[in-house]
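Reader: Hi, I have a protein model open and I'm new to this. Can you walk me through it?

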Amino acid sequence: MAAEVLTDMQLTSLPKISQGKVRDLFSLPDGDKPTLLFVTSDRISAYDVILKNGIPTKGVILTLLSAKWFEILSSRVPGLKHHFLHLGPPTSPGLITEDEKNMLRGRSMTVRRLKIFPIEAIVRGYVTGSAWAEYEKTQTIHGLPQPAGLRRCERLPEPIYTPSTKAELGDKDINISPEEARKLVGDKYASRIEELALACYKAGAAYAEERGIIIADTKFEFGLDDVTDEIYLVDEVLTPDSSRFWSRADYQVGREQDSFDKQVLRNWLTDHGLKGKPDVEMPPEVVEKTKARYTEVFERLIGNSFEDALKNLAE
């Protein structure tokens with residue numbers, strides 16, 4: 001597959017429902033259950049701002065990795081339901097054009113259409129990022145008291161559920177406590193969301209650890225089937241966009257870690273005084289370094305090269 005960068009999804013055969021920082025959602029014809037086409041672009045955002053240019057193959061990496069994680073977590077988390085149905089759009093004749101089919105190859109999946117809960121279900125296994133900044137000041141994380149004496153990037157005694165608001169495009173997510181999250185999603189669902197988020201993190205972290213990867217923290221999203229009143233894991237899962245991945249071999253407590261994610265981009269923005277500024281274009285070296293980090297963690301978690309993963313896709 002050519003390393004073309006797709007930041008604008010020209011898919012006119014299906015009605016577009018919404019566009020996020022990275023993904024576009026399209027409506028699919030009604031079947032037994034309402035479904036959506038979930039398309040991942042090569043757009044990249046940092047500090048809640050979308051960059052002008054994208055990262056080649058990023059959308060394919062995120063989609064194939066999420067599909068693999070849905071399979072893994074389904075086998076390791078009892079009772080887990082998820083929105084993923086299959087890669088690509090339905091095969092109905094005439095649904096999309098041949099050019100659209102080629103564009104969507106590897107970067108789209110058909111999913112159940114659900115009511116999305118208005119929170120990011122973040123789970124942290126290590127004290128880093130905004131959690132470390134808060135802990136240094138108050139010995140709390142999202143307002144939750146933590147043991148004294150933790151060092152930067154140290155593993156927490158147990159993973160903790162630290163939700164945030166789910167902001168509209170252009171706004172910033174806000175860290176909130178589990179009790180504040182309960183008010184947003186309702187008592188009926190709050191405990192189950194927390195339980196599933198922690199179970200998914202623990203299962204994912206154990207799988208990644210076997211492959212030399214530490215999942216420091218991650219965010220999940222959940223949706224509700226209004227008919228059955230069941231909670232589903234939705235959106236992307238355990239990708240470099242939604243998670244902080246570290247190399248187990250290089251991990252050292254007390255310092256910041258080198259992450260398999262967009263940290264290269266964040267560092268460049270910060271170093272050049274561009275943090276949070278609009279209309280910023282990444283230089284080629286930042287694009288290539290970011291792509292390399294995404295590709296490496298994909299291959300380590302999947303256990304296959306990215307090129308072989310593409311070859312294995314059904315035509």
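This is a predicted model: local features need pLDDT of at least 70, side-chain atom pairs count only at pLDDT 80 or more; totals for chains, interfaces and linings use all residues.

Reader: How many of the residues of β9 are buried?

Author: Eight of its eight residues are buried.

Reader: Which way does β9 run against strand β13?

Author: The two pair in the antiparallel sense, over two bridges. Strand β13 covers residues 164-165. Glu120 stands opposite Ser164 there.

Reader: And how many bridges join β9 to β14?

Author: Four, and those strands run antiparallel. Strand β14 spans residues 213-225. Look at Arg124: it stands opposite Asp217 in β14.

Reader: What is the bridge partner of Arg124 in β12?

Author: Ile160. Strand β12 takes in residues 155-161. Three bridges join β9 to β12, and the two run antiparallel.

Reader: Back to β14. How many bridges join it to β16?

Author: Five bridges join β14 to β16, again antiparallel. One place to look is Thr218, which stands opposite Ser243 in β16.

Reader: Is β16 enclosed or open? What do its residues say?

Author: Strand β16 runs over residues 243-247, and five of the five are buried, so it is largely enclosed by the rest of the structure.

Reader: Which residues point which way from β16?

Author: Ser243, Phe245 and Ser247 point one way. Arg244 and Trp246 point the other way. All of them are buried.

Reader: Let's zoom out. How many helices and strands are there in the chain?

Author: Eight helices and 16 strands.

Reader: What does the C-alpha trace span?

Author: About 60 × 50 × 35 Å along its principal axes. The radius of gyration is 19 Å. A compact globule with 315 residues would have a value near 20 Å, so the chain agrees with that.

Reader: How much of the chain counts as buried?

Author: 52% of the 315 residues.

Reader: New topic. How many cavities of 30 Å³ or more turn up?

Author: A search of the whole structure finds one. About 40 Å³ of space lies in the largest cavity.

Reader: How does one look for empty space?

Author: Rolling a probe the size of a water molecule over the atoms shows where empty space is left.

Reader: Which residues line the largest cavity?

Author: Ala46, Val49, Ile50 and Leu51 are among them.

Reader: Are Cys153 and Cys200 buried or exposed?

Author: Cys153 counts as buried, because its relative accessibility is 0%. Cys200 is buried too, with a relative accessible area of 0%. The cut-off for buried is under 20%.

Reader: One more. Where is Ile44 found?

Author: In the loop between β3 (35-40) and β4 (45-46).

Reader: Is Ile44 buried or exposed?

Author: Ile44 counts as buried, because its relative accessibility is 0%.

Reader: And what separates Ile44 from Leu144?

Author: They are 100 residues apart along the chain. Their C-alpha atoms are separated by 31 Å.

Key:
Residues are numbered from 1 along each chain as its sequence is written. Side-chain values use heavy atoms; hydrogens and water are left out. On a 1 Å grid over the protein atoms alone, a cavity is a set of points where a 1.4 Å probe fits but cannot get out, and a pocket is an open set with protein on both sides within 12 Å along at least five of seven lines; lining residues have an atom within 4 Å of a point. Grid points are joined across faces, edges and corners, and a volume is the space filled by probe spheres set on the points. Buried means under 20% relative accessible area, exposed over 50%, partly exposed in between (1.4 Å probe, protein chains only). Two strands pair if DSSP finds at least two bridges between them. The radius of gyration is taken over C-alpha atoms; the globule rule is 2.2 Å times the number of residues to the power 0.38.
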